[in-house]
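Please have a look at the model below, and keep the sequence beside it as you read. We will take a friendly walk through it, one region at a time.

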Amino acid sequence: MDSSAILDVLTPLVPGAALRVTADGEYIEANPALIRMLDYPPREMLGQVHARNYFVSPKDRDRFHRTLREQSVVLGFESEIRTGTGRVIRVRNTARVHRG
């Protein structure tokens with residue numbers, strides 16, 4: 001089983017928010033915890049919403065993407081994001097680039 005297939009099986013089971021997005025910010029997969037946290041219906045979330053639009057602060061968004069681009073990993077990045085209902089929440093992101 002390749003790593004993508006393993007993620008397909010495990011992502012829905014993770015109790016915290018988990019997602020996979022393209023380099024452009026398009027959602028490939030979002031688990032139920034993330035969909036609840038961001039106040040979006042699942043169908044609207046996937047394919048219609050871009051992850052890059054969530055950051056409240058453009059400076060945070062740029063810093064997050066710059067770090068991910070330069071280091072291929074971001075650990076414990078704290079920022080505020082806006083949910084689908086407009087609510088602002090504080091989150092801690094950990095992300096890595098998967099190439100292949």
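What follows goes from confidence to strands, and then to some individual residues.

This is a predicted model, in which local features need pLDDT of at least 70 and side-chain atom pairs count only at pLDDT 80 or more, while totals for chains, interfaces and linings use all residues. Residues are numbered from 1 along each chain as its sequence is written, and side-chain values use heavy atoms, with hydrogens and water left out.

Let us begin with pLDDT, the predictor's confidence in each residue on a scale from 0 to 100. The protein chain averages 81, and 78% of the residues score at least 70. Where pLDDT is low, predicted coordinates should not be read in detail. The element names refer to DSSP runs numbered from the N terminus: helices are H or I with at least four residues, and strands are E with at least two.

Now to the strands, where two count as paired if DSSP finds at least two bridges between them. Strand β1 (residues 19-21) and strand β2 (residues 27-30) run antiparallel and are joined by 3 bridges. R20 has E29 in β2 as its bridge partner. The hairpin of β1 and β2 has 5 residues between the strands, and there G25 takes a positive phi near 95°.

V73 stands opposite R96 in β4. These two strands also form a hairpin with 5 residues between them, and G86 in the turn has a positive phi of about 95°.

A positive phi also turns up at S72, about 65°, although S72 is not a glycine. This residue sits in the loop between α4 (58-71) and β3. Is S72 buried, exposed or partly exposed? Buried means under 20% relative accessible area, exposed means over 50%, and partly exposed is in between, using a 1.4 Å probe and protein chains only. With 24% relative accessibility, S72 counts as partly exposed.

Compare that with S79, which lies in strand β3 and is buried, its relative accessible area being 0%. What does S79 touch, leaving aside neighbours within four places in sequence? Its contacts are F55, D60, I89, R90 and V91, where contact means heavy atoms within 4.5 Å.

F55 brings us to the aromatic rings. Rings of Phe, Tyr and Trp (its six-membered ring) pair if their centres lie within 6.5 Å; planes under 30 degrees apart count as stacked, over 60 as edge-to-face, and the rest as tilted. The structure holds 3 aromatic pairs. In one of them, the ring centres of F55 and F64 are 5.6 Å apart and the planes stand at 45°, so this pair is tilted. F64 also pairs with F77, edge-to-face, at 5.2 Å centre to centre and 65° between the planes. Because F64 lies in helix α4 and F77 in strand β3, this pair ties together parts that are 13 residues apart in sequence. F55 and F64 are both buried, and F64 and F77 are both buried too. Together, F55, F64 and F77 form one aromatic cluster.

Our last stop is N31, in the loop between β2 and α2 (32-37). N31 is buried, with a relative accessible area of 1%. The C-alpha atoms of N31 and L19 are separated by 6.3 Å, while the two residues are 12 residues apart along the chain.
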